[in-house]
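Let's take a friendly walk through this model together. Keep the sequence at hand and turn the structure as you read.

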Amino acid sequence: MTNADESREILAEVRGLFEAAFAWGSWGRLLVSLSPDPRGKLVVDDVLVEEILGDEDELDRAFRSAEAQACLAALAEAVLALCLLQDVPADRVTGGTFVQTHGGELGFLPGLVRAPSPSLDTRRDELLDRLKAKNAVLEERYGIGAGALVAADMADGSVEIKKGGVPVAVGEQVVIGSFATVDRAWVWGAHNPSLEPAARARSAKLLDELADRSPWEISTAAFATDQATAWLLAALVADEHGLEGVAKVNAGAEGFVLLGLLALSPAAVA
């Protein structure tokens, strides 16, 4: 049985719990927080509901019921198992997020993942499609995203693209942010202490000059999320600032960095 098969079986069982005791259908997102008890075992310490679809008083009664309380131990075990199936080790788990999908099914995200800002979520397809088109041009022209090496100088903001060890393009780059694979967390470049001050300043300028800073994601330095949303955030920045595209630079098992690219031109031939 694959990890995906096991996850589906666990989610089917969890949905049964939700239908029996957690007012399934009256919420869109459930954040289940875990913390160690006196013996060191991870247990549920809080349950937060987002995207309420039904009556709040009825929802509150359901979550405070004896039936719901009796299910918390099983819910904690389900969160741990689902996280491990997505390669998130138990010692890094702070909880998990259950989501009612558009198709009415139950989905799961490791970590405590808040609901996206509506103003950002409604633009998701539009922004990602635009970035995909930009990146397709860069892939065809310079091989970015298809094996080309992206060498960034964090001090001066320059970038060099190489294919087969040969420079094919030069230009400018700015760190949009980075995604940590194990923690399933995004941190904006402006708030990444591992970056040089000059690189953080360039990243901060990107955020400060966004036309709409109302989405909570923009003003939050770091937060749990998924890879798809990391790309959405990069797509927003690329669209607002007219960047030529976004390059993914892998950081080994730790995750990846998303670089905004601009002013690219073919490298001079020696």
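Helices and strands here are DSSP runs, helices of at least four residues and strands of at least two, numbered from the N terminus. With that in mind, one place to start is D87, which sits in the loop between α4 (72-85) and β3. Please remember throughout that this is a predicted model. The phi of D87 is near 65°, a positive value in a residue other than glycine. Is D87 buried or exposed? Its relative accessibility is 61%, and the cut-off for exposed is over 50%, so D87 counts as exposed.

Now step back to the whole chain. It has nine helices and eleven strands, and its C-alpha trace spans about 75 × 35 × 35 Å along the principal axes. Of the 270 residues, 43% count as buried. The chain exposes about 13600 Å², and carbon and sulfur atoms supply 53% of that area. Among contacts in the chain with a separation of 6 or more, 60% come from residues 24 or more positions apart.

Let's turn to the sheet that takes in β3. Four strands form this open sheet, in the order β2-β1-β3-β4, with antiparallel pairing. Because β2 (42-52) and β4 (106-110) stand at the edges and each has a single partner strand, one side of each is left without a neighbour in the sheet. From one strand to the next, the twist averages 20°. Helix α1 (residues 3-21) lies across β1, β3 (95-100) and β4. Relative to β4, helix α1 runs at about 110°.

V182 and Q86 are 96 residues apart along the chain, yet their C-alpha atoms are separated by 9.0 Å. Leaving aside neighbours within four places in sequence, V182 is in contact with V88, P89 and R92.

Is L195 buried or exposed? At 13% relative accessibility it falls under the 20% cut-off, so L195 counts as buried. Not counting residues up to four places away in sequence, L195 touches M154, V175, G189 and R200. L195 and L131 are 64 residues apart in sequence and 25 Å apart in space, C-alpha to C-alpha.

The axes of α6 (residues 124-142) and α9 (residues 227-241) come within 9 Å and cross at roughly 75°. Angles of 65 to 115 degrees count as roughly perpendicular, and α6 and α9 are therefore roughly perpendicular to each other. On the α6 side, the contact is made by R124, L127, L128, R130, L131, K134 and N135. On the α9 side are A228, T229, W231, L232, A235, L236, A238 and D239. By class, this contact has nine nonpolar, two polar and four charged residues.

Next comes a hairpin. Strands β5 (residues 149-153) and β6 (residues 158-163) pair in the antiparallel sense over five bridges, and A152 has V159 of β6 as its bridge partner. Four residues lie between the two strands, and in this hairpin G157 takes a positive phi near 80°.

A last stop is A263, found in strand β11 (residues 255-266). Although A263 is not a glycine, its phi is positive, at about 55°. With a relative accessible area of 44%, A263 is partly exposed.

Terms used: Residues numbered from 1 in each chain as written. Predicted model: local features only at pLDDT ≥ 70, side-chain atom pairs only at ≥ 80, totals over all residues. Heavy atoms only, no water. Pairing = 2+ DSSP bridges. Axes fitted to C-alpha atoms, helices over the stretch in contact; angles between N-to-C directions. Contact = heavy atoms within 4.5 Å. Parallel < 35°, antiparallel > 145°, perpendicular 65-115°, else oblique. Nonpolar A, V, L, I, M, F, W, Y, C, P; charged D, E, K, R; others polar. Buried < 20%, exposed > 50% of the residue type's maximum accessible area, 1.4 Å probe, protein only. Areas by Shrake-Rupley, 256 points an atom, 1.4 Å probe, with all protein chains shown as cover.
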